[in-house]
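Please open the model in your viewer and keep the selection panel at hand. The tour goes from the whole chain to single elements and then to a ligand.

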Amino acid sequence: VLDDVCETMGVTLTRFMNEVAMLNPELKELTTIFGAIDTACKAISNEVKRSQLPSSETLGYQGAVNAQGEDQKKLDVITNDLLKRALRFTGRLGVLASEEEDTPVDVIGRSTGKSGSLEIVLDETTDYVVCFDPLDGSSNVDAGIPTGTIIGIFEHDETCEIDFDNIGEDEAAEQEARCLANTLQPGTNLVAAAYCLYSSSTFLTLTLGNGVYMFTLDETIGEFILAKPNVRIPESSSIYSFNEANLDYWDEPMREVVERWREGTGRSGVRFSSRYIGSMVGDVHRTLMYGGVFGYPGDTKNPNGKLRLLYEGAPMAFIMEQAGGLATTGTQRVMEITPEVVHQRVPVIMGSKNDVIEVIECYKTAA
Ligand code: AHM
Ligand code: MG
């Protein structure tokens, strides 16, 4: 657990991380990872902005299809490579998993490919597993709508070296599964999480398990500046943020609560307003700032909703909880779910404490 962090507004992210490392020597390597995230997010911010220039090479589709069968845009590919390369050179990383990679990749650069070709080389200097969505909401970019990067960082909990030349196929498969399992950790194992929002400003928000810290990019000096130390989400709200067009298919309790909020017959008695960008990072950022409830609940077509647990649900849930909010599937704390597969989806309802409790209670009553 983190002892202390620097709370001085106006310090750069680099200085903030240096102070963290000084006060908490065991986190020194984590600050190296954040150095890479710092640089990659600035570069992604630039790419996103420049992507709409008529001369831009990053506009439009890449032509490939990613693990979820969605068209991969050039920007998805570029931002994925950017983040991957930045993290790889920290030398502190074992495995990384990304929305844009079919399977986890080791940081030496060999794609793990399908099972059987996994090669992970770790030594005593590799400490972390990083899961990320390099450009969430990328389908919005062409319309100038906010997008974001989401990152979750786990500790690497065991040494994982597969000596393919000297062991049998079965043993290799077993070890491979063990290595992969390093990416399949519940949110409660997260040591840090961050998102970067590319919008009217570029915001980098992070938690190291000791509150939430929000930085704003000062483009004139190219540095993230601490703008909001110890962010706390309001305990109650009057804003909900869902794709309401799916309401007819939602779990019954979810439908019930949103209908109450709409009519002003919910627990707080206020009539809610609706805000939905359709870009998780933007919607969660606003929810943190103004209070509210953001969700992508399960529905009859997709019982686990749309969002991915490892690199969307869990890191954002960690940030939300660290800001005093809650994150649930309706019946379970998002942070406590252990993923079985890398791209697993999870229903998510997160935000102001009292409002999320109202949702949880409604699910309980219905059970
Ligand atoms: P993506 O990872 O393919 O960009 O999809 C995730 C996005 C989230 O940012 C957002 O909350 C959600 O999809 C919106 O989905 P919908 O368009 O169904 O409302
Ligand atoms: Mg995404």
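The stops below each name what to select and what is found there.

This is a predicted model, in which local features need pLDDT of at least 70 and side-chain atom pairs count only at pLDDT 80 or more, while totals for chains, interfaces and linings use all residues. Residues are numbered from 1 along each chain as its sequence is written, and chains are lettered from A and ligands numbered from 1 in the order in which they are written.

Of its 367 residues, 49% are buried, that is, with 20 or more other C-beta atoms, placed from the backbone, within 10 Å of their own.

Next, select residues 74–88, which form helix α3.

Now select β12 (273–274) and β14 (326–328), the edge strands, each pairing on one side only, of an open, mixed sheet of five strands in the order β12-β11-β13-β15-β14; strands pair if DSSP finds at least two bridges between them. Three bridges join β14 to the antiparallel β15 (residues 348–351), and L326 has G351 as its bridge partner there.

Finally, select ligand 1, which 13 residues surround, the closest being D136, G137, N243, G278 and M280; a residue counts as near if its C-beta atom, placed from the backbone, lies within 6 Å.

Note on methods:
A residue is buried if 20 or more other C-beta atoms lie within 10 Å of its own, exposed if 12 or fewer, and partly exposed in between; C-beta atoms are placed from the backbone. Helices (H or I, at least four residues) and strands (E, at least two) are DSSP runs, numbered from the N terminus. The expected span of a helix is 1.5 Å times one less than its number of residues.
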